[in-house]
Amino acid sequence: MFKIVLHLLVFDFICSMRYNVPHKIKQFFFVLLKLSIVVGAVYFIYYKIVENENLEFNKFVAFLKENDVFSLKNSIILIVLSSFNWFFEILKWKHLVYIVKPISFKSALEQSLGGLTASLITPNRIGDYGAKAIYYTKRFRTKIVLLNLLGNMAQMTITTLLGAIGLLLFINHYPIALNYYKIVGVGILIIILGLLVFFGITQKRFKIKGFSVSFIIDFIKSITLKAHGINLSISLIRYLIFSFQFYYLLTLLGVEITYYDAMVIITSMYLLASIVPTISIFDVVVKGSIAVFLFSYIDINEFIILSVTSLMWLLNFVIPSIFGSYFVLNFRLPKPVE
């Protein structure tokens, strides 16, 4: 909900500039904005790769060479897995936008990768919402934000369901000291907050920038079950791809572990990482810390886990965001009439 409020404010600001500000000033503003996004993303990527205190860059590269990660076969497999991951993310966005406006796969690619680049330096990838929405005229932007939220909710649903199963199996298998009184207390707090939110959004007078939350719910309900099913199915396929990629990297770096045992920990890791609010650029740090903690229960070297999480980040965020930088720099505002 916070994401919707924030971006509607941003959209109103952009729209007011579009129609009330002189053309030259608008051009200067958007050139400056695009350059800021790209330069900021490049700087943070460089900082996390070269200046990473937890993983020395030279040792990291030497370790990868030692384990033949850069061989032709392994490079092709890893790139193919990352390509399929983003292929299905782009396909999901194309499918979602089709609900309000048909777009080509190329347009979906541009919006998805451009949104990724813009999201790197924003909390919880909020920048992705704004970046995708400004590809459309004002009358489409509210629905585009809601569709983007719907796509993220589907991915989060898959992460939560599989992560909950994995975490239960993990807790059942490994001796973890748990304070059950605190767990029950947190559970009760979540239920209370959930009830407050539920009763809050059911009030007709509760509005966000002129439209009620009931409008948002009605919009989601207006989407066919088939569309929801496709959204969830593609999200599941993506999850299976990048979780397998994580497992493949483990085996590539010399970890002897079954796919089942690895998935119990990997699904738990993604669930716990998704709960922690963070800036996308620091996602590798959060996942790395959680992964190190979970994999320590099966005595896997910390350096190996940090190397795997760093590679996953490079393959699935850094490389696509480099392509996304091109789309950000070449972005043009849509025409007022479509």
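The largest nonpolar core of this predicted model has 70 residues. A nonpolar core is a set of buried Ala, Val, Leu, Ile, Met, Phe, Trp, Tyr and Cys residues joined through side-chain atoms within 4.5 Å. Buried means under 20% relative accessible area, exposed over 50%, and partly exposed in between (1.4 Å probe, protein chains only). Trp93, Phe246, Ile266 and Phe295 have the most contacts inside the core. Helix H13 (residues 302–329) gives the largest share of this core, 12 residues. Helices are DSSP runs (H or I, at least four residues), numbered from the N terminus. Ile266 is in contact (heavy atoms within 4.5 Å) with Ser243, Phe246, Tyr247 and Phe295, neighbours within four places in sequence left aside.

Helix H6 (residues 126–133) is mostly covered. Eight of its eight residues are buried, among them Asp128, Tyr129 and Lys132.

Leu72, Ile76, Val80, Phe84 and Phe87 make a nonpolar surface patch of about 470 Å². Such patches are made of residues with over 30% relative accessible area and no salt bridge, nonpolar side chains being joined within 5 Å. A salt bridge is a side-chain nitrogen of Lys or Arg within 4 Å of a carboxyl oxygen of Asp or Glu. Phe84 is found in helix H4 (residues 72–97). Phe84 is partly exposed, with a relative accessible area of 42%.

Mean pLDDT (the predictor's confidence in each residue, from 0 to 100) is 78, and 67% of residues reach 70 or more. Over residues 1–19, pLDDT stays under 50. For residues 1–19 the model has 44 contacts beyond four places in sequence.

Residues are numbered from 1 along each chain as its sequence is written, and side-chain values use heavy atoms, with hydrogens and water left out. In this predicted model, local features need pLDDT of at least 70, side-chain atom pairs count only at pLDDT 80 or more, and totals for chains, interfaces and linings use all residues.

Definitions and conventions. Patch = residues over 30% accessible without salt bridge, like charges linked within 9 Å, V, L, I, M, F, W, Y side chains within 5 Å. Areas by Shrake-Rupley, 256 points an atom, 1.4 Å probe, with all protein chains shown as cover. Helix = DSSP H or I, 4+ residues; strand = E, 2+ residues; numbered from the N terminus.
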